[in-house]
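Student: I would like a close look at a single part of this model. Please take me through one interface in detail.

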There are 8 protein chains.
Amino acid sequence: MNDASREVRLDVGRRARIGLEEAVLCETKTPAQLAHILKQAADSGRSMLLTRLSEPQFQALRAEHAAVLDYHALSQTGIFGAVAPPEGPARIAIVTAGSSDARVAHEATRTLAYAGVACELVCDVGVAGLWRVLEQVDRLAEMDVVIAVAGMDGAMVSVIGGLVPGLVIAVPVSTGYGAARRGETALNSALTSCSPGVVVVNIDNGFGAACAALRAVGYARANRADPVGAAHAR
Amino acid sequence: MNDASREVRLDVGRRARIGLEEAVLCETKTPAQLAHILKQAADSGRSMLLTRLSEPQFQALRAEHAAVLDYHALSQTGIFGAVAPPEGPARIAIVTAGSSDARVAHEATRTLAYAGVACELVCDVGVAGLWRVLEQVDRLAEMDVVIAVAGMDGAMVSVIGGLVPGLVIAVPVSTGYGAARRGETALNSALTSCSPGVVVVNIDNGFGAACAALRAVGYARANRADPVGAAHAR
Amino acid sequence: MNDASREVRLDVGRRARIGLEEAVLCETKTPAQLAHILKQAADSGRSMLLTRLSEPQFQALRAEHAAVLDYHALSQTGIFGAVAPPEGPARIAIVTAGSSDARVAHEATRTLAYAGVACELVCDVGVAGLWRVLEQVDRLAEMDVVIAVAGMDGAMVSVIGGLVPGLVIAVPVSTGYGAARRGETALNSALTSCSPGVVVVNIDNGFGAACAALRAVGYARANRADPVGAAHAR
Amino acid sequence: MNDASREVRLDVGRRARIGLEEAVLCETKTPAQLAHILKQAADSGRSMLLTRLSEPQFQALRAEHAAVLDYHALSQTGIFGAVAPPEGPARIAIVTAGSSDARVAHEATRTLAYAGVACELVCDVGVAGLWRVLEQVDRLAEMDVVIAVAGMDGAMVSVIGGLVPGLVIAVPVSTGYGAARRGETALNSALTSCSPGVVVVNIDNGFGAACAALRAVGYARANRADPVGAAHAR
Amino acid sequence: MNDASREVRLDVGRRARIGLEEAVLCETKTPAQLAHILKQAADSGRSMLLTRLSEPQFQALRAEHAAVLDYHALSQTGIFGAVAPPEGPARIAIVTAGSSDARVAHEATRTLAYAGVACELVCDVGVAGLWRVLEQVDRLAEMDVVIAVAGMDGAMVSVIGGLVPGLVIAVPVSTGYGAARRGETALNSALTSCSPGVVVVNIDNGFGAACAALRAVGYARANRADPVGAAHAR
Amino acid sequence: MNDASREVRLDVGRRARIGLEEAVLCETKTPAQLAHILKQAADSGRSMLLTRLSEPQFQALRAEHAAVLDYHALSQTGIFGAVAPPEGPARIAIVTAGSSDARVAHEATRTLAYAGVACELVCDVGVAGLWRVLEQVDRLAEMDVVIAVAGMDGAMVSVIGGLVPGLVIAVPVSTGYGAARRGETALNSALTSCSPGVVVVNIDNGFGAACAALRAVGYARANRADPVGAAHAR
Amino acid sequence: MNDASREVRLDVGRRARIGLEEAVLCETKTPAQLAHILKQAADSGRSMLLTRLSEPQFQALRAEHAAVLDYHALSQTGIFGAVAPPEGPARIAIVTAGSSDARVAHEATRTLAYAGVACELVCDVGVAGLWRVLEQVDRLAEMDVVIAVAGMDGAMVSVIGGLVPGLVIAVPVSTGYGAARRGETALNSALTSCSPGVVVVNIDNGFGAACAALRAVGYARANRADPVGAAHAR
Amino acid sequence: MNDASREVRLDVGRRARIGLEEAVLCETKTPAQLAHILKQAADSGRSMLLTRLSEPQFQALRAEHAAVLDYHALSQTGIFGAVAPPEGPARIAIVTAGSSDARVAHEATRTLAYAGVACELVCDVGVAGLWRVLEQVDRLAEMDVVIAVAGMDGAMVSVIGGLVPGLVIAVPVSTGYGAARRGETALNSALTSCSPGVVVVNIDNGFGAACAALRAVGYARANRADPVGAAHAR
C-alpha cells in the first residue's frame, strides 16, 4: 500500500446517509493523492465532483482521464464521469453582485449540474445600480432558494432578503481590497443582515451554498439510500 | 409628533412581501420607542414578537399591557397578542450542545411558536459525550430542518451535518471564555464545517435561525399576501 | 494653578483657523476638568458644544449652569450658551436605518443646530423594507450632503450612495451583536461600498459627520476669521 | 450570448442618476470580461475609466485599442476615449506624506482628469519633517477639498485637518510593514483623528476619494441628467 | 504560612540587579495579598510604589497604613513610605495630547517622584491645535527624554519625534471609541511613526515609560548595588 | 570567524538537560547558516533533525551530504546521520481528519522516527463521515498519547477527546480558506474543546506535538544525561 | 418534566469511557439548572466538581447543600460530596509567574484534589526575577508534568520548557491590560515557545490543565471502568 | 521637472533639527525615485543610508554608483558614500534569540556603522538554552543600551530586561508561523514584558531600534547643528 492510498479514505457511505456525495477539494491534495482518488472512482465506475482543481492539477490528470473529465476553468471545477441533465423548472436562483463574483457563482452552478438539478443564474446586479436587482425581483420571489453571491459590502444580500420569501443563502466573496479584508466584511455584513432569516456559508464557498440548497429543496432527503435507519449506514 | 414616533417606521408591508413579520429587537430601543411601538400594535390589532426584551424593559411595558404580553425570561422574548397553536407534526428540530445554549434555543422555539409552526427541542447532546447525539440521529434525520445551537468548539454542528440530510442551520453561541472569543470560534467552526451544506446565522441569533427555517419549509412563501407581484407591495 | 487648569488647554484659535470651534468630548474628562472648562467659557462669554456628556456629568454641572446649559439626553449633548436659529432651506439630510440609530443621528442634528445650520432628519428607512428609503430618494437627491447613519450590515449606505449625487457621509453605529462587532462591520461595509465616492467617519461619530458636512457646504471656510493667512492664527 | 456578456451588466444609467459614471475595477475581471466591456464602450462611443488595470491586462487590450487607451503605469489606470482638458482654477488639492504614496495619489489625479476637473498635487510632505507641510498651508487652506494620502501612522492627516477649513478626505495607504498592518493603522488613525470633520475612504482608494471630491464640489449634482425625478432613471 | 504569603514572592534583589525596585501592580491582587505585601514592607522598613490601586483597595489599606501611604486618585498610585524630593533640573519631560491623558501621565510623574527624579509636565498640546505643541518645542528639544502620552490617532508622537533629538517614548492611551480600539490605534500609530527612533510601551503604561526613562538617563545603572557581577545577585 | 558561524550557537546541552535534542528549523535560515550547521554536526559525529527544509534547501545541501541526509518531501523533513529503528509496540497514535493533513502528520512521524520511538498513523477519519473515526476508537483508547491533526473546524479533536483516556494533543492545520483563517479556527476550536483535558500546539507544528508526546511517555526524562542536577548542565 | 431537567443531560458514562468525570461549568448555568444538577448528584450518591461557581451562585446552593459542598472562593470551585485524600509523592507541579495567577492555579489544584492526586504548588516565580524560578529547577525537573500558569508575556513558560524534561502544560492567564489582550498574548507566546514540546490549554483553564495532567500520568486510563471496549460504554 | 523629482522631497534639515539624517526606505520606491534620490545625494556630496534595498533594486543602482554604494545582502542595507569608522568602546549591544534574527540585527549594526557608533553583536542566545544568555549577562549589564532582537515568543526580551540596568529596546521579528502571527506575538510579548521599562519598536525595525539607541546615548543631541532654536531650522 503506497502513501497516497494510506492517506485517503473516501466517505463512500455519505450519499446513503445524507443524500450528498463527497466532493474532492483539490487545493491541498498532492498529485499522487488526486491520481489515486480518480483511479478509485474509475475502478468502481463512480462519478465525482472536483472543486478548486487548478489548471496545472487538471493538466496532470488529463493525460489519463481526458475523455471523462469535464473541466470548467473559471470555477476551477471538474466533473468526472457522466451526469444526467437537469429536469423541470428551476427552483434555485444564483445571483451575483459583480462580474468578479462569477467564479464563485459557477462553482455553485456546477455543483447543481453534477446533481442534475436546474438553476437560474442572474449576474452583476449589485445595489450601486439598484434597478438591476429590482428588475429581477418578481422572478426571484418565486424561487425556493436564492443564492446571493457578493463581495465587498455585500449590500445586495440584504436587499434581496427583504424582497423574497424563499431561503436566501449568502456567499461572501473575497474580492476587493483594504477594508474588504478578503471577504470578511461581506461575511459579517451577511451575518448581520437587517433582513430576517438570511443564512451564510464560508467565503467563496459556492459548493457549500449549492449543497445547502440541495438540502433545502428536499433533494438530499430524497436521494439518500434509505429513509429509515440510514444514519447507521456506512 | 413626538420623538419616538418620528424615530420609528415599522415595515408594515413585510409580511405581504416576504411572508415574515417584522419583529422588534428591543435591546437598543428606548422605553419611549418601545411604548410607542406596542401602542401602534394595540391600536391596529396586530400581534407582535419582541426579542432581546430585558426584564426591566418588560416590567416597564407590563403596566400597560400585562394581559396580552407573554414574557419568557430565559430567552428574553415577548409575544404580544394572541397566537394560534402549532398544527401538524414537527418538521423542524432544535438541538443544543450544552445547557448554556438553552437561552438561544428558546429564542428560536418562541419565534416558531409565534408563527404557529411546530418544532422539537433536543437539549445538551454535545459531542464530548458522543452517544447523546447518536441516540437522536434517526429522529433528526427525518426533519426538514435541524437548527444546531452550540458554543465553544461547535463540533456538534459538523457531527450532525454528517448524519442528516435536512437543512442544518448552525447558531453559534457566545458562551465560553478565552479562545471561545464570545462565539466567534463556534461561528468560524460552523462556517468551515467539514460536513457539506451547513449554513450559519449570527452568534446567539435564535430568531434568525427560526426565520430561515420558516423560509426553508415554505412557510414564508405560503404566508405572503400574494404570490405574484408582491415585491412591489409596501 | 490647580490640576484641572493645568491639564486643559483649549484651542481658542480653532474657529479662526478652520471655521469650526473646539467641542468638548466629555466622556473621559474628570468633573474638575469639566467644571473648569465651563467656567472658562462663562468667564469669556463663549458658547460651547459638549458631546458624550452623561446624565450624571450633566447633573453635576447643572447646579452652576442650569439656565444656560441645554441638555439632550438621547444624544448626550449639551449646548452651553445661546445659539442662533438656523436660516434658509436644509442642504444637509440625516438618514437613519433603524430606530436604534437615533442617538447618533441626534448628535449630528445638535452639532448642526449649534452651528446654526438647517438639516432634515429621516428616520428608520433601512433596506429590509426597501420602499421606506425609495420614497425619500427624490428629496435626498436634492441635498448637498446626506449623512447616512446605520449599524449592523450598513446596507442602506450603499443604496443611498447609488441614488443621490450629493456627498454621502456614512456614520457606522455600534448597535447589533455578534458579527456586528460593535460597529466594525458597518464601518467596513461603508468603506467598501460598491457605490462610488462614499466617505466614512468613526463609529458612532455623529459629531464628526456634522463637522464634515459643515466643511463640505462651505460653512467652515466662510466662518474662519480671515480667509488669507489664517493658518498662522492661534 | 457568451459567458462574459452574461456576467457583465453595466450600470448605464449611473451618470444620469448620480452624475458619476461607472468605472471598471479591472483587478478581478477576466480577460474576456475586459474585452467585452471595452467592445461595448467602443460600439456605443462611450469613454470609460479603468482602475487597477495591471500592465499585463493593459498589454492584452492594447492590440485592439492602442489608439484610444491612455495608460498610466504607476497608478494602474487607463482612460478609454477622449476626455476634455480641465478648466478653471483647482479647487481640489491632493497631498501625499511620502513618495510611496504617489501611486495612490495618481489614481485620484487620473479620476479627476477623466472628469475634466482641475487639481493640484503636493508630494512628500509628511510630518517627520513638519515644515514641508507647513509651507503649503496657505495654499491648502484655500481649497474646497484636500485629499490627504498617507500610510503608516497617517499623522499628516490630523495636522492638515487642524489647519484647513475645506473638506479633508483621508486616503490610507498600504505601505509600511509590521504594525502598519497593510494600511489599517493609517485607516484607524484617520478615523480617530483629533481634528474635527475628517472623512475617510478605503485603503489605497484614490478613485473613491476623487469621486467624493466630485460630489463635494457639486460636480456630480451638476452632471446628472435631470435634477428632478432622476432617481427613477435607469 | 497562609495562602497570601505563599502566593507572593517579592523580587527583593531587583534594585541590586537592575537599579529599579519592584512596584506592586494592584489591579488583580486580592485584599489579602495586598495587606501581606504592605506588612512585609512595613516590617522591613522598605518604601514601595503601588500602581493601579483602586479607590476601594486604597480604602481597605488605609486603616492600617494611613500615615505612610500617599494616594493619588487620578493616577491610582500609592507611595508607601518616605521618598526624597527630586534634585537638579528636569531632564525628562512628559507631554499629553489631551486632558483625558492626564491619568496616565501622572502614573509616570508619580513613578519618577518615587525615584526622586525631576520631570516637567506639559499638558493638552495635541496636533489638532498644532501651535500648542510648537510653542513647547525649544524646551522639549533640550530634554534627554520626552514621554509622549496620546490616545486616538497618536499624531502628536510623530510630530514631536520629528522635532526633538532626545529619546521619545510613546505611551498610547485607551481613550476614544470605535476605531480607537481601546488604544491599539495609538499604539500602532506610534510603532509606525514616520519619525525615526520613537520607542513605545504598552497602552496606558505610564509606569513603564517612567522606568524606561530611568534606564535611559543612567539612573538605573547608577542605582544598582554593585556595578560588577550584580547579575548574579538575588 | 565567518558570519554564519557567528550567527549560530547550537544548544548542545539540550539533550542532557531535557532529554530532547535541538532540531533545526530551516525555513528562515540562510544557505550559509544551514551549511555551517551540518558541517558542525558532521565534524562532531552527531545526528540531527531538520524541519521545514524546502526542496531547494535540500538540493543545496545534497551535494555535500547526500549519503547521510534522508529527505522526506511531503513533510519537508531531513534526518542527518543514522538513527535506530523503533522498538516495542506503539504507545503513540497520530490521527488525521483529511488527506491534506498528511504533511503535518508526517512531520510528527519523522520526529518520532528520529527519536527511535514507534507510532501508529491513522489517516482521513474526519467526522463528516463519523464512522471512520468510530471504527478506530478501541485501538486509540489503548494509546498513551493520541496526536489529532485537523484543520478547518477541527471537530475530530473533540470527538476523540470524548472517547479516549490518553493524552490528546491537537495539531491545528492551516488548510482551508476564508473563515478557516489559516488554521486559527482549528486552533481556537481545539482550545475550547468541550472534551476535558485536550492540549494544543501551534498550527502545523507536527514536530512540537511529537516532542510533547516524547515528554508525556517519559522518553525525555529517561533520555537526559543525568536525572539529578541536570538543570545546571550546559 | 420541568425546563431545567429537560435542558440538562449529564454525560454519566464519561468516567467509564475516558476515566474523567464530567465537571459542571457553572458560569452560564441558570440557578434552576444548578439546583437540578446537584439534586441529581445527591439522589444518586455521586460526588461532583463545580467550576466557575460564583459567590452568589454558591450562596444560592448553600441552603440546601451546606454540609457537603466545599467552596474555595479564590478559584471559584466547589467540591460536592466526599473525596479521598491524595496518596503518594507529587508527580505534578503547578507553577505561577505572579500572584495574580493564583486563582487559575488553584482551579488546577482543586481539580487534582477532587481526583485524589497529589501536586506541588510553586508561586510567583516569574522571570523578571529569574532566580526565583532557577531555584526551583531541580525539583521541577523530577516531575512528570509541570503546569505553568502565566499571564502577560508568558516568558516563564519557555524558560521552564528549556529546563525540565517532563510534560509542560501552559495555562495562559487573562491578567494584564492593553497588549496583554485578555490573555491572548500569553496564549500565543506559549504556542510559539522556543522550547520544544510545550503544550497549551485555553486561557484561564486551570481545570483543563489538570485534566490533561491526569491523562498524561495515566490516571485516566487506570480510572476507566473497563480497558477493553469501553468506547461503546455510555 | 519629471515625475520622480516631483514625488520626492527630502527632509534636508532633519540632521540639524534632531541629529539624525533621513534614511531612504527603498521597499516601495520606484526605480526612478531611487535613481533620483541617489543623484541628488551624489550632486550635493552627501552620504546616505538605504534600508530594505532589495537585491534587484541594488543591481539597478549599481551600474551608476558601484564604487560608492556598499551593499549588505542579508540586512538589505546600502551605505552610499564614505563613513567614518566607529571610535571608543561599545556602549550599545545587539542581541539575537535565534539565527533567523540576524537579518534584522544587522539592519541595526549597519545603521550604527553609518553613524560611526560602535556596538557589540551577540547572536543566538534564546532562552530555550537559557545558559547561552546567562553567560553574557555581565557584559550586557555594562551597556547603556541593549537591543534585544527576537521572534516567536520573545521570551529573551523579558529575561534580559530583568538582568540589566541599561535601556532595553525590543525588536520583534516576523519569523515563525501560525500563532507567531508574523511578529505580532513577539511584539505583544515585549509590550507586556514583566520586566520594568522595556521599550519596543515596530516588527523587524532594526533601523528604528538603532536610531532610538542613538537618541538614548546622546549621539543625536550632540549631532544636531545648533542646540538652541534648532526646532525652527529647516
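How many salt bridges does the rule find across the interface of chain E and chain H?

Tutor: The model is predicted. For the interface of chain E and chain H, the rule finds two salt bridges. One of them can be named here. Asp144(E) and Arg221(H) pair through their side chains, with N to O at 3.1 Å.

Now the elements on the chain E side. Those that give two or more residues to the side touching chain H are helix 2 (14-18), helix 7 (137-140), strand 8 (167-173), helix 9 (184-191), strand 9 (198-200), helix 10 (206-216) and helix 11 (219-223) of chain E. Helix 10 of chain E gives the most, with six residues. Sorted by class, this side of chain E holds 25 nonpolar, nine polar and seven charged residues.

Next, the extent. Contact involves 41 residues of chain E and 41 residues of chain H. Interface size is often expressed as the accessible area lost when the parts come together. Here chain E and chain H bury about 3300 Å² between them. Carbon and sulfur atoms account for 57% of that area. Within chain E, the residues that lose the most area to chain H are Pro165(E), Pro196(E) and Arg215(E). Together they make up 20% of what the chain E side buries.

Note on methods. Residues are numbered from 1 along each chain as its sequence is written. Chains are lettered from A and ligands numbered from 1 in the order in which they are written. This is a predicted model: local features need pLDDT of at least 70, side-chain atom pairs count only at pLDDT 80 or more; totals for chains, interfaces and linings use all residues. Side-chain values use heavy atoms; hydrogens and water are left out. Contact means heavy atoms within 4.5 Å. Buried area is the accessible area (1.4 Å probe) that two parts lose on being put together, summed over both. A salt bridge is a side-chain nitrogen of Lys or Arg within 4 Å of a carboxyl oxygen of Asp or Glu. Helices (H or I, at least four residues) and strands (E, at least two) are DSSP runs, numbered from the N terminus. Ala, Val, Leu, Ile, Met, Phe, Trp, Tyr, Cys and Pro count as nonpolar, Asp, Glu, Lys and Arg as charged, and the others, Gly among them, as polar.
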